[in-house]
Amino acid sequence: MREIDVKQVSDAISRLYIDANHHLGEDVTTCLRDCANREKTTLAKDVFETIEKNIGIAGEGVFPLCQDTGMACVFMEIGQDVHFTGGDLTDAVNEGVRRGCLEGFLRQTIVRDPFDRVNTGDSTPADINMTVVPGDRVKITVAPKGFGSENMSRIKMLPPAAGVKGAEDFIVETCSLAGGNPCPPIIVGVGIGGSFTSAPLMARKALLRPVGSRNASEFYREMEIRLLERINGLGIGPQGFGGETTALAVNVIAAPTHIAGMPVAVNINCHVSRHKEVIL
């Protein structure tokens, strides 16, 4: 049994929350540069140039990548041989987010209730997902999620008879309805199967996969390629001004499901696909 003081968790999450809001992953920046080179219009190229300048300024560590510094989505894979000491783990996660928000001068993004809309003042509580895995390590991923893109996400409980075409049509329709609202070029996370509870979580986790990677299954790998082509064929383009690049990637996760259903969830992310991780 390995003991980990929850203070280590708070410290790690504080650093990750600040870092994720300032430094975009190399997978995303490389893909953005490649897509910029494929654009044919001056306007689309200008948009990509502005995006690249923004990434560079944010990388200096003063101004965040986006004014929406996101809901702090925290994923923890906890080894079953780990014992946490020094306090409550959930409290420690929220303490890390609180410190990251205030010490990093990030915008306070959370309200305490959906209707009274009173700001909590420190971007807590976080959206926390914990899973138990073999081993004695803890993997922490912090993924700030802006709501310009989050608001465009959807789930549909399709019948099995809808088949591949029904699922793909719904995914493309979701991106079409989103238009320029989620600050394209977007990354599309898709969860297929599971239940009404698990499909959206799979779609959220799909966004953590590196841009440019493909599903290990040939069937879903081909689905990702088809979907990316269809979504880019919509012509929405960078920031909705038209162009060749509406999406940078489509990442699919599938899971077993009930004989009578086929849930399909789509979680859209803007081009500022922020996530950082550490292993304790």
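Mentor: Start with a definition. Two strands pair if DSSP finds at least two bridges between them. Keep in mind that this model is predicted.

Trainee: How do strands hold together in a sheet, in general?

Mentor: Strands of a sheet pair through backbone hydrogen bonds, and the sense is either parallel or antiparallel. Here, 4 strands form an open sheet in the order 6-9-7-8, and the pairing is mixed.

Trainee: Which strands stand at the edges?

Mentor: Strand 6 (154-158) and strand 8 do. Each has a single partner strand, so one side of each is left without a neighbour in the sheet. From one strand to the next, the twist averages 15°.

Trainee: Let me walk across the sheet. In which sense do strand 6 and strand 9 pair, parallel or antiparallel?

Mentor: Antiparallel, over 5 bridges. As a landmark, find isoleucine 155; its bridge partner in strand 9 is alanine 265.

Trainee: How many bridges join strand 7 to strand 9?

Mentor: There are 6, and strand 7 and strand 9 (residues 262-269) run antiparallel. Valine 188 has isoleucine 268 of strand 9 as its bridge partner.

Trainee: And in which sense does strand 7 pair with strand 8?

Mentor: That pair is parallel, with 9 bridges between strand 7 and strand 8 (residues 247-257). Look for valine 190, which stands opposite valine 252 in strand 8.

Trainee: Now the helices. Which strands does helix 6 lie across?

Mentor: Helix 6 lies across strand 6, strand 7 and strand 9, at about 30° to strand 9. Helix 8 lies across strand 7 and strand 8, and runs at about 140° to strand 8.

Trainee: What describes two packed helices?

Mentor: Two values do: the angle between their axes and the distance between the axes. In this model, the axes of helix 6 (residues 163-178) and helix 8 (residues 218-232) come within 10 Å and cross at roughly 40°. Helix 6 and helix 8 are therefore oblique to each other. Their crossing is right-handed.

Trainee: Which residues make the contact?

Mentor: Helix 6 brings Val164, Glu168, Asp169, Ile171, Val172 and Cys175. Helix 8 brings Phe219, Met223, Arg226, Leu227, Arg230 and Ile231. Sorted by class, the contact of helix 6 with helix 8 has 8 nonpolar residues, 4 charged and no polar ones.

Notes
Residues numbered from 1 in each chain as written. Predicted model: local features only at pLDDT ≥ 70, side-chain atom pairs only at ≥ 80, totals over all residues. Heavy atoms only, no water. Axes fitted to C-alpha atoms, helices over the stretch in contact; angles between N-to-C directions. Helix = DSSP H or I, 4+ residues; strand = E, 2+ residues; numbered from the N terminus. Parallel < 35°, antiparallel > 145°, perpendicular 65-115°, else oblique. Left-handed = near helix turned anticlockwise from the far one by under 90°. Contact = heavy atoms within 4.5 Å. Nonpolar A, V, L, I, M, F, W, Y, C, P; charged D, E, K, R; others polar.
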